[in-house]
There are 4 protein chains.
Amino acid sequence: MAEGLKFPTGLGTSDADSISLLGQDLAADLMGKVGFGELAFWLVAGRRPNPGEVRLFEAVLVALADHGFTPTAIAARLTYLSAPDSLQGALAAGLLGGGSRFLGVTEDCGRFLADVLAAADSDDYDGIALRAVEEARAAKRFIPGLGHPVHKEQDPRTPVLIAIATEEGLYGPHLRLFEAIGRVHPQILRRTLPLNGAGVCGAALADLGLPVDLLRGFALLARAAGLLGQIAEERRRPIAGDIYRTVDRNAVYEP
Amino acid sequence: MAEGLKFPTGLGTSDADSISLLGQDLAADLMGKVGFGELAFWLVAGRRPNPGEVRLFEAVLVALADHGFTPTAIAARLTYLSAPDSLQGALAAGLLGGGSRFLGVTEDCGRFLADVLAAADSDDYDGIALRAVEEARAAKRFIPGLGHPVHKEQDPRTPVLIAIATEEGLYGPHLRLFEAIGRVHPQILRRTLPLNGAGVCGAALADLGLPVDLLRGFALLARAAGLLGQIAEERRRPIAGDIYRTVDRNAVYEP
Amino acid sequence: MAEGLKFPTGLGTSDADSISLLGQDLAADLMGKVGFGELAFWLVAGRRPNPGEVRLFEAVLVALADHGFTPTAIAARLTYLSAPDSLQGALAAGLLGGGSRFLGVTEDCGRFLADVLAAADSDDYDGIALRAVEEARAAKRFIPGLGHPVHKEQDPRTPVLIAIATEEGLYGPHLRLFEAIGRVHPQILRRTLPLNGAGVCGAALADLGLPVDLLRGFALLARAAGLLGQIAEERRRPIAGDIYRTVDRNAVYEP
Amino acid sequence: MAEGLKFPTGLGTSDADSISLLGQDLAADLMGKVGFGELAFWLVAGRRPNPGEVRLFEAVLVALADHGFTPTAIAARLTYLSAPDSLQGALAAGLLGGGSRFLGVTEDCGRFLADVLAAADSDDYDGIALRAVEEARAAKRFIPGLGHPVHKEQDPRTPVLIAIATEEGLYGPHLRLFEAIGRVHPQILRRTLPLNGAGVCGAALADLGLPVDLLRGFALLARAAGLLGQIAEERRRPIAGDIYRTVDRNAVYEP
């Protein structure tokens with residue numbers, strides 16, 4: 001070791017005979033005994049989740065894994081078409097669309113709810129929600145998690161995730177506030193919007209005690225599985241060439 | 001729909017009331033009922049795995065999730081230091097190191113074993129292995145999955161993964177050939193190398209019937225969880241600044 | 001063409017005999033006649049720059065191309081070590097560090113100056129600067145482009161770029177305001193900070209009439225050249241393995 | 001400095017008063033005096049090009065900068081749609097398509113020509129070309145740089161780049177062999193294919209003495225400028241939403 005250098009980590013270390021991860025013996029204690037979602041939770045939160053937490057957490061990941069031909073899925077397929085030798089490049093290209101507009105809602109919603117709760121001084125959720133919606137409207141800001149371009153009445157994921165959280169005893173303040181927003185916002189906004197799936201996932205992840213600044217990371221992990229599915233399908237039954245040609249052949253020059 | 005355009009998919013589709021994934025109702029049939037690793041397998045393979053397959057598959061993902069301060073982990077941390085506003089960029093930067101040298105071994109080993117098996121005309125695994133090692137040596141090629149820079153005697157993941165495959169009735173021809181290579185290679189190479197963890201994971205994934213051209217994808221999915229752990233730790237207890245300064249302050253100009 | 005589909009572009013189109021770019025014949029009018037920096041300016045701004053604008057613009061790109069062992073350069077080298085088969089991945093990994101902290105200053109400074117100018121109602125630059133610094137201080141915000149961790153007295157790029165802009169008749173309101181900030185900030189902040197190179201580049205790009213929302217893009221283009229230089233040097237005289245081992249060997253487990 | 005650590009570089013270094021790049025004083029010697037393309041050449045090759053070399057090199061970059069709605073351009077636009085807050089992510093996503101199929105031809109062609117020349121023992125270019133085409137055909141390999149999906153008769157870039165190389169005294173063995181392949185291949189392949197623009201760029205870069213393993217890097221640098229143009233146009237006149245909807249609305253479920 002160079003004098004004075006020290007890089008601390010609580011994650012993986014190894015020596016000639018063993019591999020350690022999170023302070024556990026990887027081979028003896030983790031492989032075959034810990035699920036993949038469970039490990040992902042543990043890696044980020046620094047604590048092992050209980051089975052109910054794993055169920056809710058994996059339900060979130062399943063909900064976010066794939067939404068069909070999103071811009072990110074198309075970008076990954078086009079990149080795989082261009083550079084089939086580099087699967088990691090296609091996956092990375094898809095994940096790079098996980099920003100403010102598409103995958104970001106999960107994190108934005110979790111953070112919004114956490115911020116509102118941190119500033120609240122009562123447990124009157126409908127009252128807290130009412131003020132939060134009023135303030136957002138006054139500031140001309142959208143409420144993250146409210147509304148959906150396709151599921152205009154109800155996002156089918158929302159009641160299911162709330163039911164799972166309730167069954168597992170994990171229905172906490174973020175989900176409670178999110179539902180309150182769903183009840184009260186029509187009074188202010190004069191129309192009724194659904195609580196969307198990305199938003200309810202953010203609320204559930206926040207209730208699981210995961211750091212709100214990293215919620216987007218779970219959406220990205222979920223999407224990594226979905227993108228692999230997209231790339232696998234592209235390999236079996238390619239469509240990226242058709243997408244490319246559809247765009248290229250309908251190009252028109254306009255200065 | 002524009003006339004004549006059609007983009008088929010067996011993955012996600014949705015309408016106003018429902019979201020479908022893999023032909024299932026996402027909210028009613030998948031969320032809370034299917035694990036995340038199970039879904040990832042299903043998305044890529046196009047078939048739902050049974051519980052034993054899920055256990056073996058998740059053991060592989062757990063084995064590959066994090067190996068400490070690898071180049072990919074360091075690259076992700078440095079990118080997060082530079083651009084903390086873009087978590088997706090830090091994750092993507094880490095995954096882009098999943099190429100031929102580090103994460104590629106899993107895929108290379110699975111493909112090597114599959115190729116050898118496809119060309120074999122007997123079920124004498126030791127004999128097949130002997131010829132494969134002889135041919136590789138004559139062509140001055142390495143055998144993927146053989147040898148490890150740190151675990152010079154034995155990689156602790158290897159016997160554990162083989163035991164799990166055996167318990168679940170999933171010990172198939174790729175693992176069998178891999179073990180045969182472990183037995184016979186000293187006759188040819190004149191030294192004894194361990195069967196490494198990345199290689200045994202490739203053999204197990206191939207025995208699970210997953211497409212060998214996409215095995216790298218599972219290593220990337222596993223690593224996505226590990227990289228989130230690295231980024232979460234970087235956020236709590238940053239070291240990327242120290243890494244950067246260690247390099248920068250020890251820079252010397254040499255034309 | 002599918003009925004009704006139309007994708008307009010003013011950039012590249014082609015048919016069997018010719019390739020058109022920006023409304024010009026690529027082969028006959030551009031190749032050998034237009035410089036690369038000139039083309040980059042034209043592609044983004046939608047107008048051909050004059051020779052003085054090209055000189056200032058390329059001076060900015062040269063100033064931003066490489067700053068030695070930055071986090072982005074190290075990330076690119078580590079990614080090349082891990083995946084040498086995918087040069088595009090190493091380059092992309094390096095560029096992904098071009099976010100808010102390192103390469104973002106150029107854009108942040110240009111936008112800050114543009115916003116201040118848009119709100120100003122006089123041409124008293126020192127007065128405008130004074131109010132802008134006061135407001136930033138009251139809001140506890142940093143002034144982008146002010147201060148540098150290494151060049152504590154003066155960033156050598158700043159006076160040179162201002163001199164080039166002046167020589168070419170391109171010293172405009174953004175550079176003027178930037179210099180005014182350099183003069184007046186000690187009155188408010190009670191210490192004298194240098195105007196840094198990334199900031200003066202942002203001011204110059206804004207004076208060139210380039211869109212302030214895309215200034216980061218020029219820093220990225222410049223850095224793409226620098227990263228290629230880093231990767232080329234890594235190929236000739238590798239150090240990424242040493243960086244990796246320096247970190248890995250000095251890892252210590254701390255929960 | 002930690003004892004024993006040393007990271008040599010011939011690129012950028014700096015101290016409190018000066019910034020050095022390639023052994024030059026960045027502010028005094030490079031800014032305003034060296035063009036951007038010239039610097040990019042210097043960074044990779046480690047030597048300063050002369051004006052004729054700069055002209056040929058920049059003609060290559062101009063030729064490769066943008067080819068309209070390629071998969072990489074579409075991927076960059078879709079990523080910008082999804083994550084407009086992260087310009088670096090959109091640029092990186094576009095570059096990640098710079099792999100074996102699209103941008104890779106430049107490097108593949110340069111390397112192919114260099115390999116053939118390294119094995120040749122005469123200066124009879126037509127004879128060397130004839131054997132190379134025969135061998136490629138026997139091995140069922142394509143000749144990189146031969147043929148184009150759109151420019152079936154002639155790629156307009158090819159004669160222009162050869163003319164520039166000739167004017168600048170830079171018409172060397174790689175371009176000579178490439179032209180010889182253009183003359184002789186119909187004898188073997190029984191049809192006449194054009195020498196394409198990506199290929200002639202690879203030949204010209206190799207004649208400039210640039211390392212053939214890194215030629216893809218120049219295609220990526222050129223494309224970085226083109227992708228910035230695409231992203232700038234997307235910002236002014238967006239089409240990525242239409243592309244996304246065209247695909248999504250024409251999705252059909254097929255298991």
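These legends accompany close-up views of a predicted model. Local features need pLDDT of at least 70, side-chain atom pairs count only at pLDDT 80 or more, and totals for chains, interfaces and linings use all residues. Residues are numbered from 1 along each chain as its sequence is written, chains are lettered from A in the order in which they are written, and side-chain values use heavy atoms, with hydrogens and water left out.

**View 1. The interface between chain A and chain B.** Here 82 residues of chain A are in contact with 82 residues of chain B (contact: heavy atoms within 4.5 Å). The buried area is about 6,800 Å², and carbon and sulfur atoms give 72% of that (buried area: accessible area, 1.4 Å probe, that two parts lose on being put together, summed over both).

View 2. Arg235(B) pairs with Asp213(A) at 3.4 Å, N to O. Helix α11 (residues 215-236) of chain A gives the largest share of the chain A side, 17 residues (helices: DSSP runs of H or I, at least four residues, numbered from the N terminus).

**View 3. Glu233(A) and Arg77(A).** Their closest N and O atoms are 2.7 Å apart, in a salt bridge. Glu233(A) lies in helix α11 and Arg77(A) in helix α4 (residues 71-82), so the pair ties together parts that are 156 residues apart in sequence. Both residues are buried (under 20% relative accessible area; exposed is over 50%, partly exposed in between; 1.4 Å probe, protein chains only).

**View 4. Asp213(C) and Arg111(C).** This salt bridge has its closest N and O atoms 3.4 Å apart. Asp213(C) sits in the loop between α10 (197-207) and α11 (215-236), Arg111(C) in helix α6 (residues 104-119), 102 residues apart. Asp213(C) is partly exposed at 35% relative accessibility. Arg111(C) is partly exposed at 27%.

View 5. The structure holds 0 disulfides over all chains (cysteine sulfur atoms within 2.5 Å). Cys201(A) is buried at 1% relative accessible area.

Terms used
Salt bridge = Lys/Arg side-chain N within 4 Å of Asp/Glu carboxyl O. Helix = DSSP H or I, 4+ residues; strand = E, 2+ residues; numbered from the N terminus.
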